[in-house]
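Dear colleague,

I am handing over the structure below for your studies.

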Amino acid sequence: MYLRAPALLVVAACSAGLLIAEGCEGVVGIDERHLARSDASVGADASTADAAVDAGPTPTDAGPTRTDAGLPPTDGGLPPTCHATPLGITFAEVVNRVTVAMSQHIAEAGAMTMPSDADRDVFAAQVLVALTFNSTEMCPLPPSYRVFALEDQGDDILVVAELDAIGNAAPRVFYGTYAARRHRARVTRDLVVQAPHPLADTNTEDEAAALFSSARAEIFMMAGTHRCASSKTSGCDGTTDVCSAGTAAPFRETDAAHSTKNPFWGVHAALSQARPSPFVQVHTNDASCPDALLSDGSGTFSDAGPTANLAAALEQAGTVVGRCGAGYPTTTCKLCAIDNVEARFTAGASEAAACTKMGTTYGRLVHIEQKPRLRANPMPLFNAIKAAFPPSP
Ligand SMILES: [Zn+2]
């Protein structure tokens with residue numbers, strides 16, 4: 001018999017973390033975000049210690065570790081499989097541990113080195129295999145990555161993350177954190193929840209984890225670094241002042257929403273091709289925008305489809321909504337995602353084109369920019385997302 005985690009507790013715990021630090025996508029410096037993450041992590045560490053004690057097998061009971069992952073088979077032995085290690089902590093705590101470690105390496109020169117495009121695609125394919133609940137599949141991930149089995153909302157979930165064998169963060173390549181859900185009895189949503197700007201868009205990593213749990217979404221994706229972690233540029237369209245103290249500058253290669261070099265983008269592209277699921281990407285900002293600014297990345301607003309449905313559901317809940325393509329962007333609120341490389345790829349731009357060219361068929365990815373006050377109390381947004389993306393049959 002397993003313990004079912006009450007949804008409200010999970011959401012409440014994450015919401016409590018969300019309340020601790022207000023942040024934005026504007027010009028706040030990295031050091032301030034460090035502090036925000038450090039503060040937020042204190043409570044989370046303390047509150048999850050009990051869960052680690054009484055939930056799931058002890059680390060010594062865990063299945064085979066993956067210290068050999070990524071290495072070729074030797075002496076005729078079998079290559080590494082996707083066998084998952086049981087882990088007795090909440091998914092929110094996994095995300096918290098990874099993000100705390102991420103923040104500690106944020107200003108470390110060369111903390112993340114981008115893989116080659118070929119290695120990015122190999123990693124993406126391995127992540128997708130690892131998340132299929134087939135423990136016999138071969139998926140030789142990089143040596144620092146492991147596959148873990150957790151319980152979330154009564155469902156089985158698999159997590160691909162840079163954690164050691166007992167679940168402590170041990171980042172080396174910072175390629176991101178990914179999870180997938182397999183329902184046990186009730187319905188789930190064929191929905192991919194994405195947090196491409198952890199730390200930079202303060203607490204969107206916690207919000208995305210809480211949304212993944214609350215909506216019982218199929219897939220979770222979080223980028224592996226702060227968007228400004230590398231000084232190298234991505235070469236993709238657009239500029240931002242987030243990493244350069246208010247001066248517009250090209251996007252960095254570590255900006256997962258604006259870099260096709262990034263492993264996060266590689267996983268998105270593989271997932272977008274492999275499955276029909278829609279995507280929800282959560283951001284936050286301090287610009288002069290409505291509480292929620294919604295777009296599909298096309299620059300126009302369609303009156304039908306998930307973006308329109310989400311806008312209507314949010315307004316019904318009393319949230320002030322801006323619609324990109326219908327009154328936005330403005331001179332002071334420009335965050336309409338037309339240069340978002342995930343939206344572009346899913347809209348039909350090729351791998352080679354997504355960095356510099358628009359897609360053609362938008363609507364499958366919903367880009368959500370939030371004011372900090374909406375993110376700090378995200379239940380109206382969560383409920384609207386649940387309404388806009390009905391459960392799978
Ligand atoms: Zn963002």
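Strand S10 (residues 292-295) pairs with strand S11 (residues 321-324) in the parallel sense, over three bridges. Within this pair, leucine 293 stands opposite glycine 322 in S11. Helix H7 packs on the sheet here, touching S10, S11 and strand S13 (365-370), and the direction of H7 makes about 160° with that of S10. Please note that the model is a predicted one.

These strands belong to an open sheet of 11 strands with mixed pairing, in the order S1-S2-S3-S4-S6-S5-S9-S13-S10-S11-S12. S1 and strand S12 (327-328) stand at the edges with a single partner strand each, so one side of each has no neighbour in the sheet. Helix H6 (residues 263-274) also packs on the sheet, where it touches strand S4 (177-182), strand S5 (189-195) and strand S6 (217-222). The direction of H6 makes about 155° with that of S6.

Which strands pair with S2 (residues 146-152)? Strand S1 (residues 85-86) pairs with S2 in the parallel sense over two bridges, and threonine 85 has phenylalanine 148 as its bridge partner in S2. Strand S3 (residues 155-161) pairs with S2 in the antiparallel sense over seven bridges, and alanine 149 has leucine 158 as its bridge partner in S3. The hairpin of S2 and S3 has two residues between the strands, and glutamine 153 takes a positive phi near 60° there.

In a regular strand, side chains alternate between the two faces of the sheet. In S2, Arg146, Phe148, Leu150 and Asp152 on one side are buried, as are Val147, Ala149 and Glu151 on the other, and both faces are covered. Seven of the seven residues of S2 are buried, so this strand is largely enclosed by the rest of the structure.

Helix H5 (residues 204-214) is mostly covered as well, with 11 of its 11 residues buried. Among them are Glu205, Leu211 and Phe212. Arginine 216, which follows H5, has a positive phi near 50°.

Finally, how do two of the helices pack together? Two packed helices are described by the angle between their axes and the distance between the axes. Helix H7 (residues 306-316) and helix H10 (residues 379-388) pack at an angle of about 135°, with their axes 8 Å apart. H7 is therefore oblique to H10, and their crossing is right-handed. In H7, residues including Pro306, Leu310 and Leu314 take part in the contact, meeting residues of H10 that include Leu381 and Ile385. The residues of this contact divide into 10 nonpolar, one polar and no charged.

With kind regards

Conventions:
Residues are numbered from 1 along each chain as its sequence is written. This is a predicted model: local features need pLDDT of at least 70, side-chain atom pairs count only at pLDDT 80 or more; totals for chains, interfaces and linings use all residues. A residue is buried if 20 or more other C-beta atoms lie within 10 Å of its own, exposed if 12 or fewer, and partly exposed in between; C-beta atoms are placed from the backbone. Helices (H or I, at least four residues) and strands (E, at least two) are DSSP runs, numbered from the N terminus. Two strands pair if DSSP finds at least two bridges between them. Axes are lines fitted to C-alpha atoms, for helices over the stretch in contact, and angles run from 0 to 180 degrees between N-to-C directions. Angles under 35 degrees count as roughly parallel, over 145 as roughly antiparallel, 65 to 115 as roughly perpendicular and the rest as oblique. A crossing is left-handed if the near helix is turned anticlockwise from the far one by less than a right angle, and right-handed if clockwise. Two residues are in contact if their C-beta atoms, placed from the backbone, lie within 7 Å. Ala, Val, Leu, Ile, Met, Phe, Trp, Tyr, Cys and Pro count as nonpolar, Asp, Glu, Lys and Arg as charged, and the others, Gly among them, as polar.
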